Amino acid sequence: MKKSRLLLIIGAIISVALIVSIFVVYNYKNKQVSNEPEKQSLTTEPTKNDSVATEEPKKTTEKPSEPEQQPDENGYLPNQTLPTEPTYINGILLANKIYPLPSTFAPGENKEARQELDKMLAAAKKQGFDFVAFSGYRSFDYQTTLYNNYVNRDGQAAADRYSARPGYSEHQTGLAFDIGERGKENLWLTKEFGETPAGQWLLTNAQDYGFILRFPKNKEDITGYMYESWHYRYVGVDIAKEIKKKDITLEEYLGVK
């Protein structure tokens with residue numbers, strides 16, 4: 001009798017152990033299956049929407065608000081301090097008497113602008129015009145020295161018509177170049193350069209390489225600077241062609257003063 005009970009007890013224990021083992025194995029397999037999608041999501045490539053979320057934001061901003069103050073007689077806002085960030089409108093970097101650059105903004109010469117400049121100068125040479133970009137990128141410190149020298153020589157009012165104050169120069173963007181004809185240095189930085197065949201070639205063809213004449217004739221009230229037949233700014237081919245076709249300035253294209 002005792003032996004029968006012992007066998008029953010042992011059988012019951014074995015049955016319970018078997019049931020527990022089956023339960024443990026079943027839960028383990030379910031857990032493995034439930035974790036599999038999570039592992040896959042960590043190893044597969046991100047979807048298109050995921051990749052967009054990790055892209056760097058484009059340098060575009062809405063049109064900046066109009067300044068509350070009125071410019072002074074030289075075109076600058078009284079007591080304006082330099083910003084901490086440059087102004088981009090629809091992806092275009094703007095630097096003028098109303099929208100200056102930070103003093104720390106130092107991008108150097110823009111590589112794309114230089115490449116297109118070289119293409120333009122090479123094309124001009126085939127037409128018999130030997131151009132040289134005698135002034136390109138200028139740092140904030142260099143512009144400070146240059147501007148102060150002009151002020152000491154001609155006075156501030158005169159200097160402000162042809163030279164930008166530190167932080168307000170397009171040359172600091174790395175997108176602007178002063179261009180002249182080699183061997184005719186006496187015409188560099190003069191309006192007469194624009195009347196030469198070389199100057200006319202630039203004016204007619206610059207947009208095909210993404211450049212605009214930044215300070216054209218009869219636009220000083222808009223650009224803030226006198227006519228500069230030598231100063232060309234890179235904006236890209238499509239925009240340059242539109243500006244040329246409409247015969248407007250960069251400020252007019254962007255809708256700002």
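On one side of helix α8, D238 and K245 are exposed. The model is predicted. Helix α8 spans residues 237-246, and its buried residues are I239, A240 and I243. They sit on the same side of α8 because they cover an arc of only 100° around the axis. What lies over them? The cover for the buried residues of α8 includes β2 (92-94), β5 and α9 (250-254). Just after α8, the chain reaches D247, which takes a positive phi of about 55°.

D247 also turns up in the surroundings of a lysine. K219 touches D247, along with G224, T249 and E252, leaving aside residues up to four places away in sequence. K219 lies in the loop between β5 and α7 (220-223). Is this lysine buried or exposed? K219 counts as buried, because its relative accessibility is 16% and the cut-off for buried is under 20%. One of its contacts, T249, is 30 residues away along the chain, yet the C-alpha atoms of K219 and T249 are separated by 7.7 Å.

**The fold as a whole**

The protein has nine helices and six strands. Of its 257 residues, 39% are buried. Among contacts with a separation of 6 or more, 68% join residues 24 or more positions apart. The exposed surface comes to about 16,100 Å², and carbon and sulfur atoms supply 54% of it.

**Helix α3**

Helix α3 covers residues 111-126, a run of 16 residues. From its first C-alpha to its last it reaches 23 Å, close to the 22 Å expected at 1.5 Å a residue. Its buried residues are A113, E116, L117, M120, L121 and A124. These residues lie on the same side of α3, because they cover an arc of only 140° around the axis. Note that E116 is in the buried set. On the other side of α3, three lysines are exposed: K111, K125 and K126.

Which elements cover the buried residues of α3? They include the strands β3 (131-135), β4 (176-181), β5 (211-215) and β6 (228-234), together with helix α6 (197-205).

Both ends of α3 have a local feature. Just after α3, G128 takes a positive phi of about 95°.

**Helix α6**

Helix α6 is part of the cover over α3, and α3 is in turn part of the cover over α6. The buried residues of α6 are A198, G199, W201, L202 and N205. Their arc around the axis is only 160°, so they fall on the same side of α6. Besides α3, their cover includes β3, β4 and β6.

**Aromatic pairs**

A pair of aromatic rings is described by the distance of the centres and the angle of the planes. The protein has ten aromatic pairs. Two of them are set out below.

| Pair | Arrangement | Centre to centre | Angle between planes |
|---|---|---|---|
| Y76 and Y168 | edge-to-face | 4.9 Å | 90° |
| F131 and W201 | tilted | 6.2 Å | 40° |

Where do Y76 and Y168 lie? Y76 is in the loop between α2 (48-54) and β1 (87-89), and Y168 is in the loop between α5 (156-162) and β4, so the pair ties together parts that are 92 residues apart in sequence. Y76 is buried, with a relative accessible area of 1%. Y168 also counts as buried, at 8% relative accessibility.

The other pair joins a strand to a helix. F131 lies in strand β3 and W201 in helix α6, so this pair ties together parts that are 70 residues apart in sequence. F131 is buried, with a relative accessible area of 4%. W201 counts as buried at 12% relative accessibility. W201 also belongs to the buried set of α6, and β3 is among the elements that cover that set.

Which residues make up the aromatic cluster? F131 and W201 form one aromatic cluster together with F129 and F193.

Conventions: Residues are numbered from 1 along each chain as its sequence is written. This is a predicted model: local features need pLDDT of at least 70, side-chain atom pairs count only at pLDDT 80 or more; totals for chains, interfaces and linings use all residues. Side-chain values use heavy atoms; hydrogens and water are left out. Helices (H or I, at least four residues) and strands (E, at least two) are DSSP runs, numbered from the N terminus. Buried means under 20% relative accessible area, exposed over 50%, partly exposed in between (1.4 Å probe, protein chains only). Contact means heavy atoms within 4.5 Å. Accessible areas come from the Shrake-Rupley method with a 1.4 Å probe; for residues, only the protein chains shown count as cover. The expected span of a helix is 1.5 Å times one less than its number of residues. The arc is that of the directions from the helix axis to the C-beta atoms. Rings of Phe, Tyr and Trp (its six-membered ring) pair if their centres lie within 6.5 Å; planes under 30 degrees apart count as stacked, over 60 as edge-to-face and the rest as tilted.
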